[in-house]
Structures are given as structure tokens and as C-alpha cells.
Amino acid sequence: MLKLLTAVEVGTRLALSPVTIRGWVRAGRLPAVRVGRMIRVREDDLEALLRFGAAPGWRRMQRR
């Protein structure tokens, strides 16, 4: 079954602020889906990020 995580849950698992997680989503660094006004991250995408440093559909952030 597909599990969707909130920014708070992802932040807890990564020891990061939910604001940082939302920034990663906005920047395209972490794929997410919108449920109304809230974002949700698929658990599979989070695991891929932890395992490989990139999630499916990941766009690398460009340095300026």
C-alpha cells in the first residue's frame, strides 16, 4: 500500500525542519504530491532519497 508522509514526518526521519522539506519540494529536490493545500511525500521517494541520494523524478538543484 502506498504511504504518504507529511513534511513533519519526513523532517523527523531526516532530523530536519519541515520548512527545509517544503523547500526541497519547492525546488524539485524531493518529489511530492498535493492533497488540497498540503504536501505529501511518498515513502518510496523518501527511501530512494536515503538509499541513492536521488528520488525518482528528482531534478538536481543547480548552484548559482
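This briefing covers the fold, the helix packing and the surface patches of one protein.

The model is predicted: local features need pLDDT of at least 70, side-chain atom pairs count only at pLDDT 80 or more, and totals for chains, interfaces and linings use all residues. Residues are numbered from 1 along each chain as its sequence is written, and side-chain values use heavy atoms, with hydrogens and water left out.

**Overall fold**
- The protein has 3 helices and 3 strands. Helices (H or I, at least four residues) and strands (E, at least two) are DSSP runs, numbered from the N terminus.
- From the N terminus on, the order is β-α-α-β-β-α.
- Of the 64 residues, 31% are buried. Buried means under 20% relative accessible area, exposed means over 50%, and partly exposed lies in between (1.4 Å probe, protein chains only).
- Among contacts with a separation of 6 or more, 50% join residues 24 or more positions apart. A contact means heavy atoms within 4.5 Å.
- Accessible areas come from the Shrake-Rupley method with a 1.4 Å probe; for residues, only the protein chains shown count as cover.

**Helices**
- Helix H3 spans residues 43-52, and its buried residues are Glu43, Asp45, Leu46, Ala48 and Leu49.
- Those buried residues of H3 pack against strand S1 (4-5), H1, helix H2 (18-27) and S3.
- Glutamate 9 sits in helix H1 (residues 7-14). Glutamate 9 is partly exposed because its relative accessibility is 36%.
- Glutamate 9 and isoleucine 21 are 12 residues apart in sequence. Their C-alpha atoms are 9.8 Å apart in space.

**Surface patches**
- Patches are made of residues with over 30% relative accessible area and no salt bridge; like charges are joined within 9 Å, and nonpolar side chains (Val, Leu, Ile, Met, Phe, Trp, Tyr) within 5 Å. A salt bridge is a side-chain nitrogen of Lys or Arg within 4 Å of a carboxyl oxygen of Asp or Glu.
- Leu2, Leu4, Val33, Val35 and Met38 make up a nonpolar surface patch, with about 400 Å² of accessible area together.
- Methionine 38 belongs to strand S3 (residues 38-42). Methionine 38 counts as partly exposed because its relative accessible area is 45%.
- Arg22, Arg26, Arg34 and Arg37 form a positive surface patch. Lys and Arg count as positive and Asp and Glu as negative; His and the chain ends are not counted. A charge is placed at NZ of Lys, CZ of Arg, CG of Asp or CD of Glu.
- Arginine 37 lies in the loop between strand S2 (33-35) and S3. Arginine 37 counts as exposed because its relative accessibility is 81%.
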